Amino acid sequence: WYQRRVRGASARNHAKILLWYILLKHFSERQFTDASNEFVMLKEGYGEQRMVDTMHQRKQAFVDEADGFIALPGGYGTLEELIEILTWNQLKLVNKPVGVLNINGYWDHMISWVHKACEEGFIHTRSKQLLIHDTDANSLIEKLIKRADELNSGMII
């Protein structure tokens with residue numbers, strides 16, 4: 001459902017968004033059930049599937065191929081990848097917009113944590129703007145496109 005919502009929003013915005021999955025070969029041998037979102041999405045023909053050997057290769061492929069990142073509600077892996085790409089942006093290793101689709105308040109605590117970490121001095125206040133969030137896929141994509149334009153024009157350093 002989340003993927004359909006993002007894909008529909010991209011069509012309304014005329015933004016080119018490719019949904020793809022970079023899976024570890026380790027998991028390719030496992031049998032996914034219909035309850036697995038990854039299997040269902042791939043089975044229904046969403047995006048493109050690529051196989052890699054390591055998590056580092058997976059993350060590097062995302063960075064190399066993506067113009068921006070959207071995190072959907074997820075678990076430990078989603079959170080870890082979200083924090084890593086935000087950190088890479090903070091360190092200026094990459095310069096691409098990062099957003100979360102905050103469906104039913106899923107990311108509320110994460111967003112509050114970022115604000116608290118800024119208040120406490122653990123995250124610089126200018127780094128707070130690295131995390132874009134919205135409850136609507138259409139609005140989130142518009143914000144990401146605007147941020148990408150700002151990054152590409154040098155408006156944001």
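Two residues count as in contact when they have heavy atoms within 4.5 Å of each other. Keep that in mind for the first stop on this tour of a predicted model.

**The whole chain.** Show everything as a cartoon. Of the contacts between residues at least 6 apart in sequence, 68% join residues at least 24 apart. You can pick out seven helices and five strands, and walking along the sequence gives you α-β-α-α-β-α-β-α-β-α-β-α. Buried residues account for 39% of the 157 in the chain.

**Two helices.** Now select residues 55-65, which is helix α4, and residues 76-90, which is helix α5. How far apart are the axes of α4 and α5? They lie 12 Å apart, and the two helices pack at an angle of about 55 degrees. That makes α4 and α5 oblique to each other, and the crossing is right-handed.

Show side chains where they meet. On the α4 side, pick Met55, Arg58, Lys59, Gln60 and Val63; on the α5 side, pick Glu80, Glu81, Glu84, Ile85 and Trp88. Color these by type and you get four nonpolar, one polar and five charged residues.

Is Asn89 buried or exposed? With a relative accessible area of 6%, Asn89 is buried, since the cut-off for buried is under 20%.

Conventions:
Residues are numbered from 1 along each chain as its sequence is written. This is a predicted model: local features need pLDDT of at least 70, side-chain atom pairs count only at pLDDT 80 or more; totals for chains, interfaces and linings use all residues. Side-chain values use heavy atoms; hydrogens and water are left out. Helices (H or I, at least four residues) and strands (E, at least two) are DSSP runs, numbered from the N terminus. Buried means under 20% relative accessible area, exposed over 50%, partly exposed in between (1.4 Å probe, protein chains only). Axes are lines fitted to C-alpha atoms, for helices over the stretch in contact, and angles run from 0 to 180 degrees between N-to-C directions. Angles under 35 degrees count as roughly parallel, over 145 as roughly antiparallel, 65 to 115 as roughly perpendicular and the rest as oblique. A crossing is left-handed if the near helix is turned anticlockwise from the far one by less than a right angle, and right-handed if clockwise. Ala, Val, Leu, Ile, Met, Phe, Trp, Tyr, Cys and Pro count as nonpolar, Asp, Glu, Lys and Arg as charged, and the others, Gly among them, as polar.
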